[in-house]
Amino acid sequence: MKILDVCCGSKMFWYDKQEPHTTYIDIRTAVYTAMDRGNERKIEINPDIQADWKNIPFDDETFDLVVFDPPHLVRAGKTSWLAKKYGTLDLMTWPNEFHKAFQEIMRVLKPTGTMIFKWNEDQIPIKEVFEAFGQQPILGDMKSKTKWSVFIKEVDLKGEENG
């Protein structure tokens, strides 16, 4: 199995941060420190490949599974711990960026591929994200503020991609 985490950040939800089936990419490579509630905190963003999720540097149909946990904040102080930890989105351009990212993810997924998507709707409702993607997930958490959703690459009955 080949897995791609397209926005790995500090890999905070991975049990094994060097999971051998997974390639980790992120637009950032950095080590940040910040004061948070009186404590100095450190976060390290060290992807295997530094790349933008809107231009994934892999061939078509390379991965079985893609994990997409993009930034979800449009309002955060530029030097805040939250901005450093999670990254931020541009209020005006995020829908177009997410549409491009979704198209890229679907491009690199194998025809039987799956995308796992994580989103916190504190600032942007998940419905708006799905509209930007142009596709609904097949399943996911609909109750909590942080949601996990599963998407599959859509193919027609002949096995050809739709879209």
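**View 1. E61 is partly exposed, at 36% relative accessibility.** Here, buried stands for under 20% relative accessible area, exposed for over 50%, and partly exposed for what falls in between (1.4 Å probe, protein chains only). Look for E61 in the loop between β5 and β6. E61 has a positive phi of about 55 degrees, although it is not a glycine. Strands such as these are DSSP runs of E with at least two residues, helices are runs of H or I with at least four, and both are numbered from the N terminus. The model shown is predicted, so to speak of local features takes a pLDDT of at least 70 and side-chain atom pairs count only at pLDDT 80 or more, while totals for chains, interfaces and linings use all residues. Residues are numbered from 1 along each chain as its sequence is written, and side-chain values use heavy atoms, leaving out hydrogens and water.

**View 2. K11 has a positive phi of about 60 degrees.** K11 is not a glycine. With a relative accessible area of 7%, K11 is buried.

View 3. A salt bridge is a side-chain nitrogen of Lys or Arg within 4 Å of a carboxyl oxygen of Asp or Glu, and the structure holds six of them. In one, D60 pairs with R107, and their closest N and O atoms are 2.8 Å apart. This pair links distant parts of the chain, since D60 is in the loop between β5 (49-50) and β6 (63-68) and R107 is in helix α2 (residues 94-108), 47 residues apart. R107 is partly exposed, at a relative accessible area of 21%. R107 meets the side chain of E104 too, in a salt bridge of 2.9 Å from N to O. Both E104 and R107 belong to helix α2, where they are three residues apart, about one turn of the helix. E104 counts as buried, with 13% relative accessibility.

**View 4. D64 and K110 form a salt bridge.** Their closest N and O atoms are 3.4 Å apart. Because D64 lies in strand β6 and K110 in strand β7 (residues 109-120), the pair ties together parts that are 46 residues apart in sequence. K110 is partly exposed, and its relative accessible area is 27%.

**View 5. The largest pocket holds about 380 Å³ of space.** A pocket is an open set of points on a 1 Å grid over the protein atoms alone, where a 1.4 Å probe fits, with protein on both sides within 12 Å along at least five of seven lines; lining residues have an atom within 4 Å of a point. The lining is made of 27 residues, and C7, R28, P71, Y86 and G87 lie nearest the centre. Helix α1 (residues 81-86) gives the largest share of this lining, four residues. By type, the lining residues divide into 12 nonpolar, four polar and 11 charged.

**View 6. I138, L139 and I152 form a nonpolar patch on the surface.** Together they have about 270 Å² of accessible area, found by the Shrake-Rupley method with a 1.4 Å probe. A patch takes residues with over 30% relative accessible area and no salt bridge, nonpolar side chains being joined within 5 Å and like charges within 9 Å. I152 is in strand β9 (residues 146-152) and is partly exposed, at 37% relative accessibility.

**View 7. S149 lies in strand β9.** S149 is buried, at a relative accessible area of 4%. From C-alpha to C-alpha, S149 and P137 are 6.0 Å apart in space, and they are 12 residues apart in sequence.

Definitions and conventions
Grid points are joined across faces, edges and corners, and a volume is the space filled by probe spheres set on the points. Ala, Val, Leu, Ile, Met, Phe, Trp, Tyr, Cys and Pro count as nonpolar, Asp, Glu, Lys and Arg as charged, and the others, Gly among them, as polar.
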